[in-house]
Amino acid sequence: MSASNIPFKEINSEYLAGVDTVQYSELPPVKICPQILDIVALEIRDALVLPAPFNYIREKINKHILWSLSNKMIHSGRAINKKFFGQNMWTEEALLQYLQNKQTKGSNERGLELEHNNERIYYTDQLQALDIEQPHLLDRIKEILKSSTFTVVTPDLHKRLPSSITDPNDPFKRYREHMPTLYWIDWNKESQWKITRIRKIIY
């Protein structure tokens, strides 16, 4: 094990209480794998120009293509899944749930959900409103998608978050009522995912 990795067994409530803090504004402005962003933008461009009904294109973008932004990354030349492990933003409750899962039999993913801070339907609306004849359509698609952010949460929080108040300039607008404690996790992908650093997000 690399000396830079944090053993999972050492991470608990007391450990989290002592981690460094980081302002959200100090984190990377684009929180998507850049290669996946390029691929998804191409897929969306191709979907937008399909000679297909509006609702067909809408479902293709909203229910299929946009999931790759959150669930995938390119690592060592391969597309890999990062629905939970590899995700940077976690609520404290979700992180502790994951750590508890690792100590018991069964799936490590029990009690975890990946939440799109800015809802997929917001991006779908923005994308379908684009003029597909514009000369820089691909660049415009990427610009819209760059504000996408994702957080691993518990089902309880997920169901309590309000909908339809998306603000790409404030990815935590839907969280303000509950103000969950959030952490930014740096991961290292070896044969398995390893945590190298945890910081509490000030937002």
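Colleague: Which residues lie nearest the centre of the largest pocket?

Modeller: In this predicted model, Cys33, Met73, Lys82, Gly86 and Asn88 lie nearest the centre of the largest pocket, out of a lining of 17 residues.

Colleague: What volume does the largest pocket have?

Modeller: The volume of the largest pocket is about 280 Å³.

Colleague: Which elements give two or more residues to the lining of the largest pocket?

Modeller: Those elements are H2, strand E2 (72–75) and strand E7 (182–189). The largest share of the lining is that of E7, with 4 residues.

Colleague: And how do the residues of that lining divide by class?

Modeller: The lining of the largest pocket has 10 nonpolar, 3 polar and 4 charged residues.

Colleague: Moving to the second largest pocket, how much space lies in it?

Modeller: The second largest pocket holds about 180 Å³ of space. Its lining is formed by Tyr24, Ser25, Leu27, Pro29, Lys31, Lys146, Ser147, Thr149, Pro168, Asn169 and Pro171.

Colleague: What classes are found in the lining of the second largest pocket?

Modeller: That lining comprises 5 nonpolar, 4 polar and 2 charged residues.

Colleague: Which residues line the largest cavity?

Modeller: The lining of the largest cavity consists of Lys31, Lys82, Gln87, Asn88, Met89, Phe150 and Trp184. By class, these residues divide into 3 nonpolar, 2 polar and 2 charged.

Colleague: Let us turn to the helices. At what angle do H2 and H3 pack?

Modeller: Helix H2 (residues 34–48) and helix H3 (residues 54–65) pack at about 165°, and their axes are 9 Å apart. The two helices are therefore roughly antiparallel to each other, the cut-off for that term being an angle over 145 degrees. H2 passes H3 in a right-handed crossing.

Colleague: Which residues of H2 and H3 meet?

Modeller: From H2, Val40, Glu43, Ile44, Ala47 and Leu48 meet Ile57, Lys60, Ile61 and Ile65 of H3. The contact of H2 with H3 has 7 nonpolar, no polar and 2 charged residues.

Colleague: How far apart are the axes of H2 and H7, and at what angle do they cross?

Modeller: The axes of H2 and H7 come within 9 Å, with a crossing of roughly 120°. H2 and H7 are therefore oblique to each other. The crossing in which H2 passes H7 is right-handed.

Colleague: Which residues make the contact of H2 and H7?

Modeller: On H2, the contact is made by Leu37, Asp38, Val40, Ala41, Leu42, Ile44, Arg45 and Leu48, and on H7 by Leu137, Leu138, Ile141, Lys142 and Leu145. These residues divide into 10 nonpolar, no polar and 3 charged. Val40, Ile44 and Leu48 of H2 take part here, and Val40, Ile44 and Leu48 also meet H3.

Colleague: Then H6 and H7: at what angle do they pack?

Modeller: Helix H6 (residues 120–128) packs with helix H7 (residues 137–145) at an angle of about 160°, and the axes are 10 Å apart. H6 and H7 are therefore roughly antiparallel, and H6 passes H7 in a right-handed crossing.

Colleague: Which residues meet in H6 and H7?

Modeller: Tyr123, Gln126 and Leu127 in H6 meet Ile141, Ile144 and Leu145 in H7. By class, the contact of H6 with H7 has 5 nonpolar, 1 polar and no charged residues. Ile141 and Leu145 of H7 meet H6, and Ile141 and Leu145 are also among the H7 residues in contact with H2.

Technical notes. Residues are numbered from 1 along each chain as its sequence is written. This is a predicted model: local features need pLDDT of at least 70, side-chain atom pairs count only at pLDDT 80 or more; totals for chains, interfaces and linings use all residues. Side-chain values use heavy atoms; hydrogens and water are left out. On a 1 Å grid over the protein atoms alone, a cavity is a set of points where a 1.4 Å probe fits but cannot get out, and a pocket is an open set with protein on both sides within 12 Å along at least five of seven lines; lining residues have an atom within 4 Å of a point. Ala, Val, Leu, Ile, Met, Phe, Trp, Tyr, Cys and Pro count as nonpolar, Asp, Glu, Lys and Arg as charged, and the others, Gly among them, as polar. Axes are lines fitted to C-alpha atoms, for helices over the stretch in contact, and angles run from 0 to 180 degrees between N-to-C directions. Angles under 35 degrees count as roughly parallel, over 145 as roughly antiparallel, 65 to 115 as roughly perpendicular and the rest as oblique. A crossing is left-handed if the near helix is turned anticlockwise from the far one by less than a right angle, and right-handed if clockwise. Contact means heavy atoms within 4.5 Å. Grid points are joined across faces, edges and corners, and a volume is the space filled by probe spheres set on the points.
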